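The sequence and structure come first.

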Amino acid sequence: MSAPPSPRPGPPKAIATPCVMVCAVDGESGLCLGCFRTLKEIAGWRALSDDERAAVMADLPGRRDRIDPFKLA
């Protein structure tokens, strides 16, 4: 006797992201001018755990000060 088929999984869980579709990296700070993440963080975002993503997101508001305000206008 075979095991009953496993239930179909639902749609994948959405991943929270700070992306605002303004994708330009500031050469001085190394941060995206839209979301303030580094290229490494952006590239590896899907591989981070929920806790790791939450920690990065909590740090983002403080990163704005690392970018010349003229570039954000």
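## Cys-19

Cys-19 belongs to the segment before α1. The model is a predicted one. With a relative accessible area of 30%, Cys-19 is partly exposed. Leaving out residues up to four places away in sequence, Cys-19 touches Cys-35 and Arg-37.

Cys-19 and Asp-65 are separated by 46 residues in sequence, and their C-alpha atoms are 18 Å apart in space.

## Arg-37

Arg-37 also lies in the segment before α1. Arg-37 is buried but has no salt bridge. The nearest side chain of opposite charge is that of Glu-41, 5.9 Å away. A salt bridge requires the nitrogen to be within 4 Å of the carboxyl oxygen, and Arg-37 has no such partner.

The charged end of Arg-37 is placed over the ring of Trp-45, at 4.7 Å from the ring centre. Apart from neighbours within four places in sequence, the contacts of Arg-37 include Thr-17, Pro-18, Cys-19, Gly-30, Leu-31 and Cys-32. Ile-42, Trp-45, Val-56, Leu-60 and Arg-63 are also among them.

## Nonpolar core and rings

The largest nonpolar core has six residues: Leu-31, Phe-36, Trp-45, Val-56, Leu-60 and Ile-67. Among these core residues, Leu-31, Trp-45, Val-56 and Leu-60 are in contact with Arg-37. Leu-60 touches Pro-18, Cys-35, Phe-36 and Arg-37, when residues up to four places away in sequence are not counted.

Phe-36 and Trp-45 both belong to this core, yet a search of the whole structure returns zero aromatic pairs.

## Salt bridges between segments

Side chains of opposite charge can pair when their charged atoms come close. The count of salt bridges in the model is six.

One of the salt bridges joins Glu-28 and Lys-71, with the closest N and O atoms 3.1 Å apart. This pair links distant parts of the chain, as Glu-28 is in the segment before α1 (39–44) and Lys-71 is in helix α3 (residues 69–72), 43 residues apart. Glu-28 is exposed, at 69% relative accessible area, whereas Lys-71 is partly exposed, at 31%.

A salt bridge also forms between the side chains of Glu-41 and Arg-63, at 2.6 Å from N to O. Glu-41 is in helix α1 and Arg-63 in helix α2 (residues 50–63), so this bridge ties together parts 22 residues apart in sequence. Glu-41 is buried, with a relative accessible area of 17%, and Arg-63 is buried as well, at 7%.

Asp-50 and Arg-53 form a salt bridge in which the closest N and O atoms are 2.4 Å apart. Both residues lie in helix α2, three residues apart, which is about one turn of the helix. Asp-50 is partly exposed, with a relative accessible area of 42%, while Arg-53 counts as buried at 7% relative accessibility. Through salt bridges that share partners, Lys-13, Asp-50 and Arg-53 are joined into one network.

Notes
Residues numbered from 1 in each chain as written. Predicted model: local features only at pLDDT ≥ 70, side-chain atom pairs only at ≥ 80, totals over all residues. Heavy atoms only, no water. Helix = DSSP H or I, 4+ residues; strand = E, 2+ residues; numbered from the N terminus. Buried < 20%, exposed > 50% of the residue type's maximum accessible area, 1.4 Å probe, protein only. Phe/Tyr/Trp six-rings, centres within 6.5 Å; stacked < 30°, edge-to-face > 60°. Lys NZ or Arg CZ within 6 Å of the ring centre and 35° of its normal. Core = buried A, V, L, I, M, F, W, Y, C linked by side-chain atoms within 4.5 Å. Contact = heavy atoms within 4.5 Å. Lys, Arg positive; Asp, Glu negative; His and termini not counted.
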